[in-house]
Amino acid sequence: MNSDETTSPDTDLHAVFGYASDRGLRRELNEDSLIAADPIFAVADGMGGHEAGEVASSICVRTLGDSPIVGKHLPEFSAEQLEALIGESDRRIREATGGRAGTTLTGAVLVREGGKPHWLVFNVGDSRTYRLSSGVLAQVTVDHSEVQELVDLGQITADEALVHPRRHVVTRALGTGNDAEADFWLIPVEPGDRLMVCSDGLTGEVSDTHILQVLTSVPNPQDACSALVQAALRSGGRDNITVLVVDAEGAAAGGEGSDAVTLTGTSADSTDLAE
C-alpha cells in the first residue's frame, strides 16, 4: 500500500451489515447459507428438489470463507481470481455429492480497483444482489432462470414471470448441471451505498417497491433484514428466505464494523425474528 492510499479517505470505508434467514412457512429445512466476512458478502440457495441442497450451499459459503482475502481491508482482487474461487466451490460440491446437489450463489466482494473501492458483484442462478444508491434501487444481477429467458425473448412480462409455473427453474447452478459460469460486475462504491443480497424466497414474495421502502426507511442493516424477512413471511413464506444488507460507511459516519458470520444449511434459521 502506498502513502497516497494510506491517507486517502477512501481507505476509511468499512462495511456494516445485518443478516436474517428463515426456513419459511412451508419448508421443513432451511437450505440457504450465507457468509458475511469482510470483504466477502454472499448468499447461497441450495436447490430444492435436489439431494442435500443444504450441503451444497454450506460447502459453497465455506469455500468462500477459506479464501485468504477474508479479513483483508479493500484487497486487490480481480474477477478472474473470484471466478477461480467460485470454480473451487463448484468442484468441491460435485466431489462431495456426485453432482446430485446444487446451489445458487450471489453477492459482492468489497475490493480496491485503481486505488478506489468497488463492489465486485457476482451471480450464478436466481438469487439476487441489489444496490441502493442515492435513493435509487437497482437489481445488479440478472437471473439465470427459464422465466428470465422468456422475459428476455419478450414471450412473457416481468409480472407474468412472478407467477409462472416454472419460475423456480434455474439454468445455471454450482455443483450440478452443465453450466456453472458466473457473471461479474465491477461497480464503484458511492458514499452511503447499501447492498442487499437475497435468495429468491424474498423476491418471490416481496415486490421491489416494498423492498425499496424498507431499505430507505430502516437505517439499521439488521433491522432492515428482519423487516424484509417478516414481510416475506406475511406474504406466504413459501420458500426459504435469506437477506443480507451491507452498508458502505466512511469514517465520518462513525459506524462500527460487524463481526464476521457464516451461517450454513439448517443453522441459517431465525424463525423467532421480531416483527
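**Questions about a predicted model**

Tutor: Let's start with Leu-74, which is buried, with a relative accessible area of 4%. Keep in mind that this is a predicted model.

Student: Where does Leu-74 lie, and what is its phi?

Tutor: Leu-74 sits in the loop between α2 (53-65) and α3 (79-97). Leu-74 is not a glycine, yet its phi is positive. The value is about 45°.

Student: Is Ser-134 buried or exposed?

Tutor: First find Ser-134 in the loop between β6 and β7. Ser-134 also has a positive phi, near 55°, without being a glycine. Its relative accessible area is 75%, and the cut-off for exposed is over 50%. So Ser-134 is exposed.

Student: Which residues does the cis peptide bond with omega of about 15° join?

Tutor: Look in the loop between β2 (32-37) and β3 (40-45), where you will find Pro-39. The cis bond, with omega about 15°, links this proline to Asp-38. The pair is Asp-38 and Pro-39.

Student: On what side of α7 are Ile-211, Val-214 and Leu-215?

Tutor: Helix α7 spans residues 208-217, and Ile-211, Val-214 and Leu-215 are buried in it. They cover an arc of only 95° around the axis, so they lie on the same side of α7. Among the elements covering these buried residues are β6 (128-133), β9 (194-198) and α8 (221-234). As for the side, the answer is: the same side of α7.

Student: How many disulfides are there?

Tutor: A disulfide is a covalent bond between the sulfur atoms of two cysteines. Cys-60 is buried, at 0% relative accessible area, and Cys-225 is buried, at 0%. With a cut-off of 2.5 Å between cysteine sulfur atoms, the count of disulfides is 0.

Conventions. Residues are numbered from 1 along each chain as its sequence is written. This is a predicted model: local features need pLDDT of at least 70, side-chain atom pairs count only at pLDDT 80 or more; totals for chains, interfaces and linings use all residues. Side-chain values use heavy atoms; hydrogens and water are left out. Buried means under 20% relative accessible area, exposed over 50%, partly exposed in between (1.4 Å probe, protein chains only). Helices (H or I, at least four residues) and strands (E, at least two) are DSSP runs, numbered from the N terminus. The arc is that of the directions from the helix axis to the C-beta atoms. Contact means heavy atoms within 4.5 Å.
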